[in-house]
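Please consider the structure shown below.

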Amino acid sequence: MKKFLALPLAALLLLALSLPGMAAGDQKNLTAPDQQTQIPVTGKYEEKTAEAVYSVDIAWGSMAFTYAPSNPGIWDPDTLQYEGKSSTGAWIPAYAAGEGGNDLAANAIRFTNRSNIKVAFTVNFKASEDHSGLKMKFLENGTAPTLNSAESGTAPSYTLLVTMVGELDRSVTEAVPLGNIVVGVSP
């Protein structure tokens, strides 16, 4: 007898649990072939915008420089004089391959925007503690670029040239860390 009652009781319990799922909308019971019902449909307007996706590539040259306190110039055997002689110091970029073997000049930073949003770059130089008197000059109008989005199907790119400013002590005869270029992005 217990088994006989358990089966209808389980069916009744399942029916009771399924009722809240049907309560999400209205319902109507049609009892004749010519009856109809109307089901209301709603909608709303909502502006959708694409989410900003940042993807920028930054490549740089070796950032290796040599400081020459003066330039003796190049001897010209025709004029019997040194051409390009200068008594002021100058920083000369090395001509080595850049980070990861790219093709950039030693003093070049290339910015490429692959984002779906316009990106502004910031560039600053932080000298090492031992060389706090050194600065860096960012050529090309002295600023980093702002690049349009890549939504046109082309990733805009810009190359910035940099040079060191200041004097290096004559005791520094081997390459040493002079500081870091700090690059940032903002919308």
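The largest pocket is lined by 31 residues, and those nearest its centre are Met63, Ala64, Phe65, Val176 and Leu178. A pocket here is an open set of points on a 1 Å grid over the protein atoms alone, where a 1.4 Å probe fits, with protein on both sides within 12 Å along at least five of seven lines; lining residues have an atom within 4 Å of a point. Its volume is about 720 Å³, taken as the space filled by probe spheres set on the points, which are joined across faces, edges and corners. Strand 1, strand 2 and strand 11 (179-186) each give two or more residues to this lining, and strand 11 provides the largest share, five residues. Strands are DSSP runs (E, at least two residues) numbered from the N terminus.

This is a predicted model, in which local features need pLDDT of at least 70 and side-chain atom pairs count only at pLDDT 80 or more, while totals for chains, interfaces and linings use all residues. Residues are numbered from 1 along each chain as its sequence is written, and side-chain values use heavy atoms, with hydrogens and water left out.

Four strands form an open antiparallel sheet in the order 1-6-10-8, where two strands pair if DSSP finds at least two bridges between them. Strand 1 (56-60) and strand 8 (135-138) are the edges, each pairing on one side only. Strand 1 is joined to strand 6 (residues 108-113) by five bridges, with isoleucine 58 opposite phenylalanine 111.

Beyond its neighbours within four places in sequence, threonine 163 is in contact (heavy atoms within 4.5 Å) with Phe65, Trp91, Lys135, Met136 and Lys137.

The largest nonpolar core has 19 residues, and Trp91, Phe111, Met136, Phe138, Val162 and Met164 have the most contacts inside it. Such a core is a set of buried Ala, Val, Leu, Ile, Met, Phe, Trp, Tyr and Cys residues joined through side-chain atoms within 4.5 Å. Strand 7 gives the largest share of this core, four residues.

Note on methods: Buried means under 20% relative accessible area, exposed over 50%, partly exposed in between (1.4 Å probe, protein chains only).
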